[in-house]
Structure formats: C-alpha cells, structure tokens
Amino acid sequence: MGVRRVNPQPPPAGAETEAVTAQTLREQYESGATIAELVADSGLSYGTVINRLREAGTRMRTSWQTRRMRDGQARRNLAAHLRRLYEQHGATLTELAAAGAGTRRAARRLLIEAGGTPRTTQQTLRIRSAADAVTRKKLAVSLRARYEAGASVPELAKECNYSVATVYRLLHKANTRMRPQHRHGPTRQARTRS
C-alpha cells in the first residue's frame, strides 16, 4: 500500500504573520526598537504595527522614554567611569559633574546607580589629604636629593614655585641634614672640587 501524501493547505494570507508577529513585535519593541524600525523590518504599515502591539498587550512608550532606554548602555558606562574616578581617585561630585555628569545632583544619582556610596565632606578631605601626603613625601625625597647634590634652598623654592619656608619644611620632613645656616650655596667640598 502506497503512502498518500497530502500537501497541507497554506494558511490564509496574513494569518501566520498576524499570530507570530504580534508577539515578535512586542518583544522587539520592549527591547528598545522604535515603531519606525518595526515598520521597516516587518514590511507592515505603521497602523498595523501599532494595532498588533496593542493586541499583544504592549505598554507603549513616549519618544523620550525610547531615547532614554536606548541610551541606557551609554549611561551605565558613564556611571561606572564616574564611580571609578570617585572611589579610586578621590574625585568630588563637582569634579564628576565636570567629567560628564553635568551637575552635582546628576553625578550623585549616577554614582548611586553604579553601586557607589556618596561620601561625607570629611571623608573626601581625608582621602585628599592622604593623596597629598604621598605626593609631598615624593617631592620631599626629590628635594633632598637635589639639595644634597648642591642646590640651594632658594633655588629649589624658585624651581618648584614654593616658598623658602615650605622647601625647608619638606627638607626637614625628608630628614635632610642641612648645611650651616646662611650658606645656601654648594657645600665647601663641592666648591673645592671645581
């Protein structure tokens, strides 16, 4: 006995696309696609796309909500960048605003979105103070090496754009053995060698 093959009847025109497309359109729309993009991709008219989205129970967005949704990744990237600046470099909210947030309030909101915790002013000052201490220690060591090589305190002050008193403080911090007072030039040994 031969097997009789029957070709199935094709569905009525538009029936398949109506059932599948309504849900597909909804998924694409909820992923951020615009109505215009759905019209172009599906080949359906604008009115048909709208009707299918409504049939599928889609909650419609405004154009502003669509832009915001599509800019979500860029916003997350900016928020993560601002959080790194804030936590790893001790940046303030004012500096975050200048780095792309726009305002201090927006910077705070983005920081929180990225999982960061805003600091108190005292905490920021402590972080800044610690960072300044490291920088000043490096500078003090550098000044000591130059002083011991024969540079005078006034020369160092002029080069660094610091006051003479500040240079003395930094040299003292670096435990520099100072030359006799009122003699800021090269040491006696350095003069006799030349």
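Me: Which side chain is joined to that of threonine 166 by a polar contact of 2.9 Å?

Reply: The general idea comes before the case. A polar contact is a pair of N or O atoms within 3.5 Å; within protein, one must be able to donate a hydrogen and the other to accept it, and residues adjacent in sequence count only if both atoms are side-chain atoms. Here, the partner is serine 163, at 2.9 Å from side chain to side chain.

Me: What kind of model is this?

Reply: This is a predicted model, where local features need pLDDT of at least 70 and side-chain atom pairs count only at pLDDT 80 or more, while totals for chains, interfaces and linings use all residues. Residues are numbered from 1 along each chain as its sequence is written, and side-chain values use heavy atoms, with hydrogens and water left out.

Me: How many helices and strands are there in the protein chain?

Reply: Both are DSSP runs, numbered from the N terminus: helices are H or I with at least four residues, strands are E with at least two. This protein chain has 11 helices and zero strands. From the N terminus, the order reads α-α-α-α-α-α-α-α-α-α-α.

Me: Where does threonine 166 sit, then?

Reply: Threonine 166 belongs to helix α10, residues 164-173.

Me: Is threonine 166 buried or exposed?

Reply: Under 20% is buried, over 50% is exposed, and in between is partly exposed (1.4 Å probe, protein chains only). Threonine 166 is buried because its relative accessibility is 11%. Across the protein chain, buried residues make up 25% of the 194 residues.

Me: Which residues have a positive phi without being a glycine?

Reply: Take two asparagines. Asparagine 161 has a phi of about 60°. Its place is the loop between α9 (153-160) and α10. Asparagine 161 is exposed because its relative accessible area is 71%. Asparagine 175 has a phi of about 55°. That residue lies in the loop between α10 and α11 (188-193). Asparagine 175 counts as exposed because its relative accessibility is 62%.

Me: What does arginine 83 contact, leaving aside neighbours within four places in sequence?

Reply: Contact means heavy atoms within 4.5 Å. Arginine 83 is in contact with Gln88, Leu111, Ala114, Gly115 and Gly116. Arginine 83 is partly exposed because its relative accessibility is 27%. Look at alanine 114: it is 31 residues from arginine 83 in sequence, but 6.6 Å away in space, C-alpha to C-alpha.

Me: Where is glycine 150?

Reply: In the loop between α8 and α9. Glycine 150 is buried because its relative accessible area is 16%. Its C-alpha atom is 9.8 Å from that of arginine 179, 29 residues apart along the chain.

Me: What about arginine 126: buried or exposed?

Reply: Arginine 126 counts as exposed because its relative accessibility is 55%. Arginine 126 is found in helix α8. Glycine 90 is 36 residues away in sequence and 9.5 Å away in space, C-alpha to C-alpha.

Me: How much space lies in the largest pocket?

Reply: Rolling a probe the size of a water molecule over the atoms shows where empty space is left. On a 1 Å grid over the protein atoms alone, a cavity is a set of points where a 1.4 Å probe fits but cannot get out; a pocket is an open set with protein on both sides within 12 Å along at least five of seven lines. Grid points are joined across faces, edges and corners, and a volume is the space filled by probe spheres set on the points. Here, the largest pocket holds about 170 Å³.

Me: Which residues line the largest pocket?

Reply: Lining residues have an atom within 4 Å of a point. They are Tyr86, Ala91, Thr92, Leu93, Arg104, Pro118, Arg119, Thr120, Thr121, Thr124 and Leu125. Helix α8 (residues 121-148) gives the most, with three residues.

Me: How many lining residues fall in each class?

Reply: Ala, Val, Leu, Ile, Met, Phe, Trp, Tyr, Cys and Pro count as nonpolar, Asp, Glu, Lys and Arg as charged, and the others, Gly among them, as polar. The lining has five nonpolar, four polar and two charged residues.
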